[in-house]
Amino acid sequence: MTHAVALERVYCEYGAVKAVDGVELAIAEGEFFTLLGPSGSGKTTCLRMIGGFALPTAGRVLIEGRDLTDAPPYARPVNTVFQDYALFPHMNVRENVAYGLMVRGVPRAERARRAAAMLELVRLPGVGGRRPSELSGGQRQRVALARALINEPRVLLLDEPLGALDLKLREQMQAELKALQRRLAITFIFVTHDQHEALSMSDRVGVMNRGRLEQVGTPREIYESPATRFVAEFVGAANLLEGDAARRYADGAACALLRPERIRLGSEAGARASGTVADRQYFGAFVRLRVELQSLQLAVDVPADGVVPEPGARVQLHWNAEAIRRLDGNG
Amino acid sequence: MTALAAAALPPVKPHPVSDFFYRRRALLVLLLLVPPLLWVGVVYVGSLLALLANSFFGLDHFSGQVVREFTLKNFAELGTGANLDVVARTVGMALAVTLACIALALPVAYYMARYASGATRAALYIAIMLPLWSSYLVRLYAWKLLLAKEGAISWVLAKLHLSWVLEALLATPVIGGHSLSFSPLGTFIVFVYLWLPFMILPIQAALERVPASLIEASSDLGARPAGTFWRVVFPLAVPGIAAGAIFTFSLTLGDYIVPGVIGDSSMFIGQVVSLQQGTAGNIPFAAALSLVPIVVIALFLWGAKRLGAFDAL
């Protein structure tokens, strides 16, 4: 089976900076794949190499089995939703959406029909005559999506497309994007620095750090079994146990992970540790306690509706043995 | 906390003038606008109106005195063959210079806006602005030497065995002449040289505001570089091109020195105006002729607006 996109030992260097440092990645047909990482981790550069806007200094980029490493963007069967949407300001919405058809010489009537259908698909009918500047951020986002989909790409690249939207709209668009991807059954490659977005939308997530792919897996694997310390810390809240703490609580592993929500408060009997509440933060659904132990601090998430201990209170901490995840490698 | 308290800043003291104007914004705006409005209104618009009025006066050819009586004789005289030739020659030159400046400025401006960074861009800015630091007359006479029959350009062409190209060009009717410095082609070259910076800078400013992602998006959607240029880059550069064209067009239309120094001694509007109001002392006719560039530029702006040149502003 050919992969929708495959990166083979891809490097991208700008002078002395290795933006992408030997990435090996295969993305299946119809997959919703997310590249997750902090800014400067190389995730956008990876996307740009798939789109053809950056060329690798070494390695190969294969799209649908074809080697398109050095092909220009207009010769690739992929389309992109840009972070700033990149709508053409001198064209109205219909002309923007139909641009990909126009450059291919599709007749005007056919263009108008397909642009209207695309705007329908992104649930934005009837705005074809407006200028992009007359639309809200969420509407522009949908126009950018319609414009990228009109050429019926096999792979859609999305470069932090939801970054500029407010939280409510972002959550709504996440659900819509996911539904759209299922309906069109095409491959989505999504770049974000937002771990919630990555976990909630993706079939698989690749976590990037300093130009390297640290781990590729399902959202659940990434969250529950992070391969490296970086992944553990970047995805979700994490208590990292090292040195003495790791020896005491994690059978002598060099480093181990204990998620705050896996720790419970309980009685003295069977408690694994005890400490003093130093601080607490209210998050609505839960309260995060900072508990001081002899040699370390632990974040502990407790339900907000129960009895939440005051700062200064003595608490007993419980967790199941499998809540501790050993982290090998130094990430 | 204590450190912050200790370092507390003294309170900002009230200031009577600032406070007064803070509460009366309209008065401040008025005070700021009155001097420039007076200047533009009285000195500029006033002299334009004086020009307009003069163009309807006559001249007593016997005494050389301006006769302050309404007449359309000056405008009738504008319609005569020789004067129409002057107008056509000047407007044609202004159009040709403007088109050449657009063609030359676009690549430079595009390079500056999209690719040049840091030192390269600074060097290009200096290279474009530097000629403006020296006198226009000095540059004009320098070009006279370059374009002369025994000048640098014909020397270089002779060394390259390309003299025949120059001879063919000079033998061409309308643009040709005795030598580059005595031909309309020479006038054209010097005009393009003089006004090119005024075309590059506005186009560069317009292209600077075009995000790189628009060009990437066009390419992503299947457009080849030429398609991207004509469908995305050029339309977004049009406001800058229009601004630059206003400069190059009106500067060429009003110039009366360049065609006097370089060219085949056929007259441009500016030269005729200069002769009429100076040597001939026919101020009313000079005024009528001066209205021609104003009308032509008004038509030019109207046409540019009709073509949508200012839509993106």
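**Cavity, cores and loops**

User: Which elements of chain A each supply at least two residues of the lining of the largest cavity?
Analyst: This is a predicted model, where local features need pLDDT of at least 70 and side-chain atom pairs pLDDT 80 or more, while totals for chains, interfaces and linings use all residues, and side-chain values use heavy atoms without hydrogens or water. Residues are numbered from 1 along each chain as written, with chains lettered from A and ligands numbered from 1 in written order. The lining (residues with an atom within 4 Å of a point of a 1 Å grid where a 1.4 Å probe fits but cannot get out) includes Thr44(A), Phe53(A), Leu157(A), Asp159(A) and, from chain B, Glu216(B). Taken by DSSP run (helices H or I of at least four residues, strands E of at least two, numbered from the N terminus), the elements that each give at least two lining residues are helix H1 (43-51) and S7 of chain A.

User: What is the volume of the largest cavity?
Analyst: The count comes to one cavity of 30 Å³ or more, and the largest share of the lining of the largest cavity, three residues, comes from H1(A). Taken as the space filled by probe spheres set on grid points joined across faces, edges and corners, the volume of the largest cavity is about 60 Å³.

User: Which residues have the most contacts inside the largest nonpolar core?
Analyst: Such a core joins buried Ala, Val, Leu, Ile, Met, Phe, Trp, Tyr and Cys residues through side-chain atoms within 4.5 Å, and the largest one has 53 residues. Elements of chain B that give two or more residues to this core include helix H5 (81-114), helix H10 (184-208) and helix H12 (225-254), and apart from this core lies another, of 35 residues, among them Val81(A) and Phe190(A). Counting contact as heavy atoms within 4.5 Å and leaving aside neighbours within four places in sequence, Tyr99(A) meets residues of both chains, including Phe88(A), Met91(A), Leu221(B) and Arg231(B). The residues with the most contacts inside the largest core are Phe88(A), Tyr99(A), Val190(B), Ile203(B) and Leu207(B).

User: Which residue has its backbone oxygen 3.1 Å from a polar side-chain atom of Asn151(A)?
Analyst: Asn151(A) sits in the loop between helix H5 (137-149) and strand S7 (155-159) of chain A, and Asn151(A) is buried, at 17% relative accessible area. Beyond four places in sequence, Asn151(A) touches Asn79(A), Gly100(A), Leu101(A), Arg104(A) and Leu221(B). The backbone oxygen at 3.1 Å from the side chain of Asn151(A) is that of Leu221(B).

User: How many disulfides does the structure hold over all chains?
Analyst: Two of the cysteines illustrate the setting, since Cys255(A) is buried with a relative accessible area of 7% and Cys101(B) is buried at 0%. Counting pairs of cysteine sulfur atoms within 2.5 Å, the number of disulfides over all chains is zero.

User: How far apart in space are Glu310(A) and Leu289(A), C-alpha to C-alpha?
Analyst: Glu310(A) belongs to the loop between strand S16 (297-303) and strand S17 (314-318) of chain A, where, leaving aside neighbours within four places in sequence, Glu310(A) is in contact with Val277(A) and Arg280(A). Glu310(A) and Leu289(A) are 21 residues apart in sequence, and their C-alpha to C-alpha distance is 9.3 Å.

Key. Buried < 20%, exposed > 50% of the residue type's maximum accessible area, 1.4 Å probe, protein only. Polar contact = N/O pair within 3.5 Å; in protein donor to acceptor, adjacent residues only side chain to side chain. 1 Å grid on protein atoms, 1.4 Å probe; cavity = no way out; pocket = protein on both sides within 12 Å on 5 of 7 lines; lining within 4 Å.
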